[in-house]
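I opened my notebook to get to know a new structure, one look-up at a time. Here is what I wrote down along the way.

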Amino acid sequence: MDDKGDGAVRPSARGRLARRIGGGVAIAALVVVLGIGAFPVGIARGFIEGRLSAAAHAPVHIGSITRDTWFSFTPTIALRDLRIEQPDWAGAGDLVRIASAEIRVPVMALIGGRFRPDSLHIDGLDVALVRNAAGRANWAPDKDKPSDIKSPRPNLSNLTITRSRYSLRDEKRGLILAGPVQVDRASGLQVSGEGSFLGTPAHMEARGGSVAGVDPSAPYPLSVTLASPALHLAAKAVMDGVLNTPHFTATVSAQAPTLKNLDRVIEAGLFGSQPIDLNGTVRHDDRDWYIDRIGGSMGRSHFAGHATVLKRDGRTKIDATVRASQFDFDDLSDTQGLRDAAALTARVGERVMPTTRINLSKIGKTDGVLRFSADRLLFKSPSVFRSLAGTVTLDNRRVTVTDFVARLAEGALTGNATIDHRSGAPKLTLDLRFSGATLQTIVGKPDDVSGTVRGRIMVSGTGDTVREAMSRANGRVAMVASAGEVKATVADVLGQDLGRAIGQQLHDRQARVPLRCLVASFRASNGVLIPAPLAIDTGVSVGQGAGRIVMDGETVALTLGGSSKNPSALKIVDPIHVSGTLSSPSISVAGLGGSDEPASKGALRVLGRSIKSALGIGRREVPVAAPAALNCAAMIGAALR
């Protein structure tokens, strides 16, 4: 019997139900497939205009939309009279006008939200590209898109563009170009343009391979040249696919009167410089750059290096190594910068502290590491500096220089430096040590003095330049010398012992006495350096200094008074004065120097005053006991601590 009980369904009935459901699903699927394959695109014109308008941030108008066949999963869609209006800020007219465009699009990919046409023919294209001085561009309206979002790869295997032109007005780059655009089977891609760059005549050429029945992922060659008196830039690239501009490898060369002109094109935040002649190999991987090799010259400087520039979490991360066979700091300024520096020097005089800018406000979104070295330093005038090296780390507007080594003609300057601009004005902090030099080299009088020299600089100050920061510096600065000799007459003058000084001049002008120590230690407070202490022990005399050095202007006002360990009845009345500036100090020994009067007359005047003092005529020196020797070891240790 077929009856299986109340409520039971016979197996044959269940099968018929399943077949009905399956058939319904199949019919529905077939209807969907047919609907997709035969979708009448014309009725979607309004929807497509709306989506394109939203993407372009400007009204889009399409005259008509048709398809080539009534059924296909890869239909060719024809658009006629397409217009994209210019944004209001970019001026009147249209951003894009296309007489006709035929686009073959895989429907399933389009349903998945990916518009990746594999064939495109455009006729009668006219595109007007505009960017204002603030960097707002009509071709990149989506400013809120994260910089590390990857771009989709093009999928073109066929591309033709006929009867087409473009114009570019880029106020931020100072670049104006206009010319024809053509892509055909025989000649490939050809784009040229005439115009101007930074006010000078400019010509641009771009040449690429044919896009006719090619594998869209195959390597695609492209060469670009921009020729102008302000910049000659040439690049030969191979893209990872047809017109896959986010992914390529290129050899690049550039010549320009200043590095800033190249930066106008590549927009990497570079500075003004002396003329450049650069070449290198670069790779572009979506948002990231890999500079596998860069080298060339900048003014008199010659260098080579490599770097990576990555975009992560909205920030730029740099890792670079640069080595210069020879380097001139003046090459880091353009001609106008050097003129401005010369005018400043003429106005305020020579200065030791440089006007190097330390304001980091323009690199707030840049982090990274730069390892640098210069084998030979070049200067317009003689300098004790010979080479330098170090590592610069940038982290959220805080720059740290570590492992810094500056080789001098004798000795080296080593240590660390920090620029912190995370809040308020830039703060410069220096912690440097100086060693290996000799006093005779620093003073420039090897016949008068000798000794080994060491130093320590621990200061910090705020300002937009190194000079400004040091004019507000707090901390301490010290230079010490020991284990040397000093000319006996110099030691006697230091001890204000005129009798012994005259005796040495008469009997043995070349006699020398030990230099036990020279300690020049200063406390810095708001840019004013006060001796703490300034002292010298020659073995036959002891000197103590007072006064100040004002870093705002780098003026020096110091006096050094001494006492002989063998008191004489004939003492020099006046102390030693050091005045002038750090770059050009003036020393007046016992009232001599810094005067236009003849040296012989000045000497007689000093001799006369000293004799009068010894005879009790005029100002009389109060007798003092012979000074005790300095505790050189303790004072040197404290100064260098």
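Predicted model: local features only at pLDDT ≥ 70, side-chain atom pairs only at ≥ 80, totals over all residues.

I began with Phe385, which I found in strand S18, covering residues 385-394. Is Phe385 buried or exposed, or something in between? I noted a relative accessible area of 33%, so Phe385 is partly exposed. Phe385 also belongs to a nonpolar surface patch of about 480 Å².

**Stepping back**

Next I looked up the protein as a whole. I listed 11 helices and 29 strands. The chain has 641 residues, and 39% of them count as buried. For the accessible surface I wrote down about 33,800 Å², with 58% of it belonging to carbon and sulfur atoms. I also checked contacts with a separation of 6 or more: residues 24 or more positions apart account for 51% of them.

**Rings**

How many aromatic pairs does the structure hold? I noted 3. In one of them, the ring centres of Phe248 and Trp289 are 5.8 Å apart and the planes stand at 80 degrees, so I logged the pair as edge-to-face. Phe248 sits in strand S11 (residues 247-256) and Trp289 in strand S13 (residues 288-298), so to speak two distant parts of the chain, 41 residues apart. Phe248 counts as buried because its relative accessibility is 15%, while Trp289 is partly exposed at 33%.

Phe327 and Phe329 form another edge-to-face pair, 5.1 Å centre to centre with 80 degrees between the planes. I found Phe327 buried at 16% relative accessibility, and Phe329 partly exposed at 40%. Ring pairs join Phe327, Phe329 and Phe379 into a cluster.

**Cores**

The largest nonpolar core has 105 residues, and Leu231 and Met470 have the most contacts inside it. Strand S24 (residues 512-525) gives the most to this core, with 6 residues. Which residues does Met470 touch, leaving aside neighbours within four places in sequence? I wrote down Met353, Leu428, Leu430, Val459, Gly527 and Met551. A second, separate core has 11 residues, among them Cys517, Leu630, Cys632 and Ala639.

Ser450 counts as buried, because its relative accessibility is 15%. Beyond its neighbours within four places in sequence, its contacts include Leu439, Gly484 and Arg512.

Note on methods: Residues numbered from 1 in each chain as written. Heavy atoms only, no water. Patch = residues over 30% accessible without salt bridge, like charges linked within 9 Å, V, L, I, M, F, W, Y side chains within 5 Å. Areas by Shrake-Rupley, 256 points an atom, 1.4 Å probe, with all protein chains shown as cover. Salt bridge = Lys/Arg side-chain N within 4 Å of Asp/Glu carboxyl O. Helix = DSSP H or I, 4+ residues; strand = E, 2+ residues; numbered from the N terminus. Buried < 20%, exposed > 50% of the residue type's maximum accessible area, 1.4 Å probe, protein only. Contact = heavy atoms within 4.5 Å. Core = buried A, V, L, I, M, F, W, Y, C linked by side-chain atoms within 4.5 Å. Phe/Tyr/Trp six-rings, centres within 6.5 Å; stacked < 30°, edge-to-face > 60°.
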